[in-house]
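Here is a short report to read alongside your viewer. Please keep the sequence at hand as you go.

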Amino acid sequence: MKKVVVSLLAVFFFIIIAGTFFTRNVVFKLNYEDKLEKYAKDYNIDPTILAGVIYFENNFTDINDEYKKGEAVGPFNLKDTKVEQYAKEMGIKNFKKEDIEDIDINIKIGAWYISRHFKDNDYKGLAAAWIERNSSQDDKIKNYAKQYYGDKIKRNAQIYKIVHPELR
């Protein structure tokens, strides 16, 4: 009987450890941790919110890293439609639209944009603003984003707080 209990406990702990590893490294993996932390600090925003938005956009996988006119690129899926305006507001010198394929620039612009639109833990408001980062949208699209995307981004950020406590 004692051997059965010990074996069951061993299996239980193995499942917990394997599940944790799988969750951290496959389901909610984290790339660009240093850049997320740097720009979160620079723009006074929780890095788990940045991770939550990137996870919402592309799960940290299948990131298009090659600039093509009019296509979303990088972790934050930025398009060339408004980035020159953002770079100018941010004071980035000698910026070209193609620069959004650079991971560092992409995360910097995304973090800056989120910091300007995320207020009072309003994930729904962030979702509505986020949907407009590349082009203006009508109220119907923004309301849809508020209703469905805000909660997803919030949930993602909360999961990143738990699964990646080192992200601060």
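## Model and conventions

This is a predicted model, in which local features need pLDDT of at least 70 and side-chain atom pairs count only at pLDDT 80 or more, while totals for chains, interfaces and linings use all residues. Residues are numbered from 1 along each chain as its sequence is written, and side-chain values use heavy atoms, with hydrogens and water left out.

The mean pLDDT (the predictor's confidence in each residue, from 0 to 100) is 90, and 100% of the residues reach 70 or more. Confidence is lowest in helix α1 (residues 2-27), with a mean of 79, and highest in helix α2 (residues 33-42), at 97.

## Overall fold

The protein has 7 helices and 0 strands; helices (H or I, at least four residues) and strands (E, at least two) are DSSP runs, numbered from the N terminus. Its C-alpha trace spans about 70 × 35 × 30 Å along the principal axes.

Of the 168 residues, 39% are buried, where buried means under 20% relative accessible area, exposed over 50% and partly exposed in between (1.4 Å probe, protein chains only). Among contacts (heavy atoms within 4.5 Å) with a separation of 6 or more, 60% join residues 24 or more positions apart.

## Helix α3, an enclosed element

Why can α3 be called largely enclosed by the rest of the structure? The reason is that 11 of its 12 residues are buried, including Ile-49, Leu-50 and Tyr-55. The cover over these buried residues includes α1, α2, α5 (103-117), α6 and α7.

Asn-59 follows α3 and has a positive phi, near 55°.

## Where α4 meets α5

The axes of helix α4 (residues 83-90) and α5 come within 11 Å and cross at roughly 75°. Here, axes are lines fitted to C-alpha atoms, for helices over the stretch in contact, with angles from 0 to 180 degrees between N-to-C directions. The two helices are therefore roughly perpendicular (65 to 115 degrees) to each other. From α4, Tyr-86, Glu-89 and Met-90 make the contact, and from α5, Lys-108, Ile-109, Trp-112, Tyr-113 and Arg-116.

## Ser-135 in its loop

Ser-135 sits in the loop between α6 (123-130) and α7 (139-163) and is partly exposed, with a relative accessible area of 30%. Leaving out residues up to four places away in sequence, Ser-135 touches Thr-81 and Lys-82. The C-alpha atoms of Ser-135 and Lys-82 are separated by 7.1 Å, although these residues are 53 apart along the chain.

How values were computed: Parallel < 35°, antiparallel > 145°, perpendicular 65-115°, else oblique.
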